[in-house]
Amino acid sequence: MTDKINQNDINSTLWGACNIFRGTVSADTYKDYILTMLFLKYISDVWQDHYDNYQNEYGDEPELIEAMMATERFMLPTVEIKNNNGEITDTFRANFNSLYERRHEPGNGARIDRVLHEIEEANGTKLKDSGKSVFQDISFNSDRLGEEKQKNDLLRFLLEEFAEKALDFRPSRVGEADVIGNAYEYLIKRFAAGGGQKAGEFYTPPEVSELMATLLDPKPNETICDPACGSGSLLMKCGRKVVSNHGSKAYELYGQEAIGSTWSLAKMNMFLHGEDNHRVEWGDTIRNPKLLDGNGALLQFDIVTANPPFSLKQWGEEVAENDPFNRFARGVPPKSYGDYAFILHMIETLKPETGRMAVVAPHGVLFRAGTEGKIRKALLGENILDAVIGLPEKLFYGTGIPAAILLFRMNKKDDSVLFIDASREFKAGKNQNALSDENIAKIVETYQKREFVDKYAYLATLDEIKENDYNLNIPRYVDTFEEEAPIDLVAVRRERLALKTELEELEVKMAEYLEELGFDSDKGAK
């Protein structure tokens, strides 16, 4: 293999490393080992590359080298191994190379855990939040990997896989290419695709993230928040729009994630993509929002976007009546449907002048009655709902149902809502559908023009929506009915007669063949 960087080689090598665990550990478990090892390999390669460069330049000045390494993005401290008497029996750098060199020794699991712990301790708040650490939910010394010998062998194989040339992530080799971040996203997507019902909890399909980020059009110096950020992919997609459209990294990313292991994915994902200017908190957004200002009030953002869990049950209805942030003044969502709990939270975190928002939701939020109908009426009365976009089925991991994107703007210039039915335009897949670039471009263009498109889009006035009793079901506004072509009965009769004649001719031939073979066509063999 040449030294040329190839994303496909990296991706296939990483996915191949999963074979170590297949048949022994479930994918939902081993994904954490693979993703964590990728993170460790990356920061180790970067550290070692910089250390080698300094040593080549200042080889006879070790104190100077150590001082310069103290400014690294991630500190990799020295690990001291002590015996029962407190005597130091071994020392090594807390990095991948040290683990690889000792891979044939017993205790691989405990050694990897120790290295991760030392890295956390050395890097302060970067890898911690409110006492929770990024690696807290992952243990390479777990019995889930089998008995000690099996576990030790599995981890030796894992270290050897990550030592492959394709996974050499030294900056002097990969340059400015975002191959590590891309590889991490690739793995997350593959794990999500096979993750069953839990998949949608931590990953939004990339083309849906692309669509939402494009519709929101983030600008330099804006703040961007995802209160149900999963692995952080949607949040980072919005940030990268600022870079691609404006050549600027002047933006701030904020997020919160309730599931501890998924929060860890998001933190590592951010660092692997070079997104150091982020604040991603761990905790339940509805019951315990963490993104607060110095006075304990909800922070407000220019852009808020999310793909929250669909129709979450037990979402926190018990705390809504006395919510200190007044998020449910428009109504408390039903106990078994948490969709509007997230929507209302997101609206309360929008800046009054510049705030804009995109949220993925099941179609039920568009038409369900009761309290949800009351909430819809209130939101429409405030004239902040900008558009409703219906998406195709089977786009999201873990569910086949179609969803919709709701767009809100705090400074709307008109009193209308644009409805787009994009449910019939997609790239069909065996198990998963996707949006093509053309599908996305059509949605974005239609949204920006805000004009009627036959069987695709309709701009409804608030009065029209009021006449529909504030029901936002897309078919009420976008007529997609296709008339069937009229049936030519004369042509059908002509075709039937032709088939009848052909059948009669075949019967005659069949009787002749049977006669030749000695069969009576009516009675059987003669």
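Me: In this predicted model, buried means under 20% relative accessible area. What makes Phe-74 buried?

Reply: Phe-74 has a relative accessible area of 6%. The cut-off is under 20%, so Phe-74 is buried.

Me: Why does Phe-39 count as buried?

Reply: Phe-39 is at 0% relative accessibility. That falls under 20%, so Phe-39 counts as buried.

Me: Why is the aromatic pair of Phe-39 and Phe-74 called edge-to-face?

Reply: Centres must lie within 6.5 Å, and planes over 60 degrees apart count as edge-to-face. Phe-39 and Phe-74 are 5.7 Å centre to centre, with 90° between the planes. Both conditions hold, so the pair is edge-to-face. The pair links distant parts of the chain, 35 residues apart. Phe-39 is in helix 2, Phe-74 in the loop between helix 3 and strand 1.

Me: What makes the pair of Phe-21 and Tyr-30 stacked?

Reply: Stacked needs planes under 30 degrees apart. The planes of Phe-21 and Tyr-30 are at 15°, and their ring centres are 5.8 Å apart, so the pair is stacked. Phe-21 and Tyr-30 are both buried. Ring pairs also link them into a cluster with Trp-15, Tyr-33, Phe-140 and Phe-191.

Me: How do you know that the buried residues of helix 15 are on the same side?

Reply: The buried residues are Glu-372, Gly-373, Ile-375, Arg-376, Leu-379 and Leu-380. They cover an arc of only 160° around the axis, which puts them on the same side of helix 15. Their packing partners include helix 13, strand 10 and helix 17.

Key. Residues numbered from 1 in each chain as written. Predicted model: local features only at pLDDT ≥ 70, side-chain atom pairs only at ≥ 80, totals over all residues. Heavy atoms only, no water. Buried < 20%, exposed > 50% of the residue type's maximum accessible area, 1.4 Å probe, protein only. Helix = DSSP H or I, 4+ residues; strand = E, 2+ residues; numbered from the N terminus. Arc of directions from axis to C-beta. Contact = heavy atoms within 4.5 Å. Phe/Tyr/Trp six-rings, centres within 6.5 Å; stacked < 30°, edge-to-face > 60°.
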